[in-house]
Amino acid sequence: MRRGKDNTKWFWFALVFVLLYIPSVIYEVVVSDRGVVARVVLVLLLVAYAVGWMVVPRWFWSSGSENLNTLLAVGLAALGLVVVYWLGMSYAGLMVYIMSSVAVVLKPWRAILIDGTVLLALAGTMFLEQDLAIDGGQLATLLSISLGMLAVGRMIRANMALSAAQEEIAAMARTEERSRLARDLHDILGHSLTTIALKAGVARRLLESSSPDRALEEIREVEHLSRQALGDVRTTVSGYREVSLSAEVAGARAALRTAGVEADLPHAVDNVRPELQGVFGYVLREAITNVLRHAAATRCSVRLGDTWLEVWDNGRGTGVGTPGNGLKGLEERLAPHGGTVLAGPLDDGGYRLRAEVA
């Protein structure tokens, strides 16, 4: 993760700073003429400050609480100010790390508030102690570093947001692909298996009535449909499957004939807009599958327009209520085209499904 890489960078930066700078300051404290207690306390404060530099930035990047991060930043800044005040304003450079860390990790307004307070406190102390002319250059350095790290922090947060957005887009793409696969498999297997079941039933009845030649013909069609369904599944999984409205019309005519349903279907689909023929092929396939499965109809009619398709049957109107997976899948397919699906029983009997694109 990008956040882990940022943790590593800050850790090594802190470690190098501690190894190069803090030991020299500790040495100066140890050899100073301060009292033993003062030297021990100062060394402990410097060690605590150094450890804080190494630990807190890693915590900043892993913590999900902005308020807790702010509290830790304020505490570490206060500890640093205590050390600087005790050592003297010539050690104001000790604040550089906490100020840069705050500028990078916290939200800009919080970072500006904390770093600005630190600068004002240092500047006020230098002014009162008349050290501003001597040590004031450190303030300019701290200010420039803080401003630069604010820009770095903004860039890091933007990169993290971009990374999160890319992960979300990838997750949405995976979800959409699963939905596409589920819709295609439902449409393919639902129609093919329904037709295969019908033809297998016809073949069984023909065998029972001692008509082996016709039964053999039906079995050959079952074999052909099974192979076709297998090929459709393979191409669907590969993502290259395309549906032809004209082929679906021909398939619907054959399936309805096998089921003993009188079919009134168009002989051409040229009046349908080219960009809608694929999605209308799915609509027709699902509608015919529902007729074969549920309607117990004796007649089915299909009508086509340039932006609409309508399937009517004189069956029992099954399908009232919550839409099944098939109708939901059709709504999802038509949505990118601004289309809608209306399905329900008719007042004088039968059932109608209409798909239309505005």
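Contact means heavy atoms within 4.5 Å. Axes are lines fitted to C-alpha atoms, for helices over the stretch in contact, and angles run from 0 to 180 degrees between N-to-C directions. Helices (H or I, at least four residues) and strands (E, at least two) are DSSP runs, numbered from the N terminus.

The structure is a predicted model, in which local features need pLDDT of at least 70 and side-chain atom pairs count only at pLDDT 80 or more, while totals for chains, interfaces and linings use all residues. Residues are numbered from 1 along each chain as its sequence is written, and side-chain values use heavy atoms, with hydrogens and water left out.

The chain holds 11 helices and 5 strands. Of its 358 residues, 43% count as buried; buried means under 20% relative accessible area, exposed over 50%, and partly exposed in between (1.4 Å probe, protein chains only). Among the contacts in the chain with a separation of 6 or more, 68% come from residues 24 or more positions apart.

Helix H2 covers residues 22–30, and in it Ile22, Val25, Ile26 and Val29 are buried. Seen down the axis of H2, these buried residues fall within an arc of 100°, so they line one face of the helix. The arc is that of the directions from the helix axis to the C-beta atoms.

Helix H4 has 22 residues (66–87), which at 1.5 Å a residue should span 32 Å; the end C-alpha atoms are 31 Å apart, which agrees. The expected span is 1.5 Å times one less than the number of residues. The buried residues of H4 are Asn69, Thr70, Ala73, Leu76, Ala77, Gly80, Leu81, Val83, Val84 and Leu87. Seen down the axis of H4, they fall within an arc of 160°, so they line one face of the helix. The face turned away from this buried side carries the exposed residues Asn67 and Leu71. Just after H4, glycine 88 takes a positive phi of about 125°.

Leaving out residues up to four places away in sequence, alanine 77 touches Met95, Ile98, Ile114 and Val118. Methionine 99 is 22 residues from alanine 77 in sequence, and their C-alpha atoms are 7.8 Å apart.

Next comes the sheet. Its 5 strands form an open sheet in the order E1-E2-E3-E5-E4, with mixed pairing. Two strands pair if DSSP finds at least two bridges between them. The edge strands, E1 (262–264) and E4 (339–345), each pair on one side only. E1 and E2 (residues 299–304) pair in the parallel sense over 3 bridges, and the bridge partner of aspartate 264 in E2 is serine 301. E4 and E5 run antiparallel and are joined by 7 bridges; glycine 344 stands opposite arginine 352 in E5. The hairpin of E4 and E5 has 5 residues between the strands, and in this hairpin glycine 349 takes a positive phi near 100°.

Helix H10 (residues 274–295) lies across E2, E3 (308–313) and E5 (351–357), running at about 10° to E3. H10 also packs against helix H9 (residues 245–258), at an angle of about 10° and with the axes 8 Å apart. That makes H9 roughly parallel to H10, a label given to angles under 35 degrees. Residues making this contact include Leu245, Val249 and Leu256 of H9 and Phe280, Leu284 and Ile288 of H10.

Note on methods
Parallel < 35°, antiparallel > 145°, perpendicular 65-115°, else oblique.
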